[in-house]
Amino acid sequence: MKIEAVDGSTPLMQAALPDLPMQQTVMVRILRIVLSSMTEFFDPVLRNVGLSENSFHVLCLLVASQNEPVSPSDLSQLIGTSRANVTRILETLEAQGYTSREVEQRDARRHVIHVTEAGRRATQAAVPQMITPLLRAFSDLSPDEFSTLDHLLRKVVLSLDKSPI
């Protein structure tokens, strides 16, 4: 249904804005729909364990850091959201008792984030709930298609990283 809407509106957009690079514009629209759809797809599962999609990813990264210091800026880059949004996510996780924040010893302007034992338990509890949705989200792709998608999306990220406007 969403793809049909994109396909139906593209000729009208092409006619109204003939100078706009249409293939690239459609690709951006599709990627935005994918991102929005993923949030809609995963949020109900994560809400059942008291997390959001972004907070789940933050906790996964903190658990994976094995108690190494992680800054809010690091987390912002790693989950692909703004620094302000990471601050909100961390405030929520801290209020839930899942993370702690301390001033970095070498630079008092910076904070480092740690996962608490409660945060580790919450992350571990969420993992079994995420297995089926994660597999289902990509179930229409063959292993080769999944690999190609991974490769192409990484190239897009690199392209965006090296060509700021």
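The model is predicted, with local features requiring pLDDT of at least 70 and side-chain atom pairs counted only at pLDDT 80 or more, while totals for chains, interfaces and linings use all residues. Residues are numbered from 1 along each chain as its sequence is written, and side-chain values use heavy atoms, with hydrogens and water left out.

The protein contains seven helices and two strands, where helices (H or I, at least four residues) and strands (E, at least two) are DSSP runs numbered from the N terminus. The order of elements from the N terminus is α-α-α-α-α-β-β-α-α. The radius of gyration of the protein is 19 Å, well over the 15 Å from the globule rule for 165 residues, so the protein is more spread out than a compact globule. This radius is taken over C-alpha atoms, and the rule is 2.2 Å times the number of residues to the power 0.38. Along the principal axes, the C-alpha atoms fill a box of roughly 55 × 40 × 30 Å.

Of the contacts in the protein with a separation of 6 or more, 47% join residues 24 or more positions apart; contact means heavy atoms within 4.5 Å. The accessible surface is about 11,500 Å², and carbon and sulfur atoms hold 58% of this area, as computed by the Shrake-Rupley method with a 1.4 Å probe, only the protein chains shown counting as cover for residues.

Buried residues form 27% of the 165 residues. Buried denotes under 20% relative accessible area, exposed over 50%, and partly exposed in between (1.4 Å probe, protein chains only). In soluble globular proteins, nonpolar side chains tend to be buried together. A nonpolar core is defined as a set of buried Ala, Val, Leu, Ile, Met, Phe, Trp, Tyr and Cys residues joined through side-chain atoms within 4.5 Å. The largest such core has 22 residues, and those with the most contacts inside it are Leu46, Leu51, Val58, Leu62, Leu75 and Leu93. At least two residues of this core come from each of α2, α3, α4 (72-79), α5 (83-95), β2 (111-115) and α6 (117-137). The largest share, five residues, is supplied by α3.

Leucine 51 is located in the loop between α2 (22-47) and α3 (53-64) and counts as buried at 4% relative accessibility. Beyond its neighbours within four places in sequence, its contacts include Leu46, Phe56, Leu93 and Tyr98.

With neighbours within four places left aside, tyrosine 98 contacts residues including Leu51, Leu59, His114 and Ala122.
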